[in-house]
Amino acid sequence: MKNELDIHNNEQLKGRISLKLQVDKSLEEFCEKKFENYNRDQFEAVAIKFHYGDEVLVTLYALDKVRQEGTTFNPKKLPIKKFKSTSFELYDILLFVKEFNVTLTTGNYRIQDMEVINK
């Protein structure tokens, strides 16, 4: 079955990644060490984005718990503070990771429409 998006760009792969952190490490600890002005009393990490290209850029999206109670923003949205850092080495990230899993596709077919036939 063709994906309804019908993407024919094999130069770009998209997908999902999952990380399992080391037993003695936490996302909060990582954020406090690697992002200036981040503290777990005011913020709660909700998403992190890793970009590798001309530079390594790591973006953290954190819920601002103090402003969550405020009335100056849309009550149907979460007040998110964005932290960016380019001062990362791959080693900095790998210290916190126990294992990771990556699945990338061309986008031409949906994974759920595939059946592996050589089990």
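This is a predicted model: local features need pLDDT of at least 70, side-chain atom pairs count only at pLDDT 80 or more; totals for chains, interfaces and linings use all residues.

Me: In what order do helices and strands follow one another along the sequence?
Reply: The secondary structure of the protein comes to 2 helices and 5 strands. Read along the sequence, these elements give the pattern β-α-β-β-β-α-β.

Me: What share of the residues of the protein counts as buried?
Reply: A residue is called buried when its relative accessible area is under 20%. The protein has 119 residues, and the share that counts as buried is 22%.

Me: What part of the accessible surface of the protein belongs to carbon and sulfur atoms?
Reply: The accessible surface comes to about 9,700 Å². The part that belongs to carbon and sulfur atoms is 50%.

Me: Is Lys20 buried, partly exposed or exposed?
Reply: Lys20 is found in strand 1. Not counting residues up to four places away in sequence, Lys20 touches Phe96, Val97, Lys98 and Glu99. The relative accessible area of Lys20 is 44%, and the residue is therefore classed as partly exposed.

Me: Which elements do the buried residues of helix 1 pack against?
Reply: Helix 1 covers residues 27–34, and Glu28, Phe30 and Cys31 are buried in it. Seen down the helix axis, these buried residues fall within an arc of 160 degrees, so they line one face of helix 1. The elements against which they pack are strand 2, strand 3 and helix 2.

Me: Is Phe43 buried or exposed?
Reply: Phe43 lies in strand 2. Leaving aside neighbours within four places in sequence, its contacts include Glu28, Asn37, Ala62, Leu63 and Phe83. The C-alpha atoms of Phe43 and Glu28 are 9.2 Å apart, while the two residues are 15 apart in sequence. Since the relative accessibility of Phe43 is 4%, the residue counts as buried.

Me: What is the phi of Asn37?
Reply: Most residues other than glycine have a negative phi. Asn37 is placed in the loop between helix 1 and strand 2, and at 60% relative accessibility it counts as exposed. Although Asn37 is not a glycine, its phi is positive, at about 70 degrees.

Me: Which element supplies the largest share of the lining of the largest pocket?
Reply: Strand 1, strand 2, helix 2 and strand 5 each supply at least two residues of this lining. The largest share, 4 residues, comes from strand 1.

Me: How many residues of the lining of the largest pocket are nonpolar?
Reply: The largest pocket has a volume of about 490 Å³. Its lining is made up of 14 residues, of which Ile17, Phe50, His51, Tyr52 and Leu90 lie nearest the centre. In the lining, 2 residues are polar and 1 is charged, and the number of nonpolar residues is 11.

Key:
Residues are numbered from 1 along each chain as its sequence is written. Side-chain values use heavy atoms; hydrogens and water are left out. On a 1 Å grid over the protein atoms alone, a cavity is a set of points where a 1.4 Å probe fits but cannot get out, and a pocket is an open set with protein on both sides within 12 Å along at least five of seven lines; lining residues have an atom within 4 Å of a point. Grid points are joined across faces, edges and corners, and a volume is the space filled by probe spheres set on the points. Ala, Val, Leu, Ile, Met, Phe, Trp, Tyr, Cys and Pro count as nonpolar, Asp, Glu, Lys and Arg as charged, and the others, Gly among them, as polar. Buried means under 20% relative accessible area, exposed over 50%, partly exposed in between (1.4 Å probe, protein chains only). The arc is that of the directions from the helix axis to the C-beta atoms. Contact means heavy atoms within 4.5 Å. Accessible areas come from the Shrake-Rupley method with a 1.4 Å probe; for residues, only the protein chains shown count as cover.
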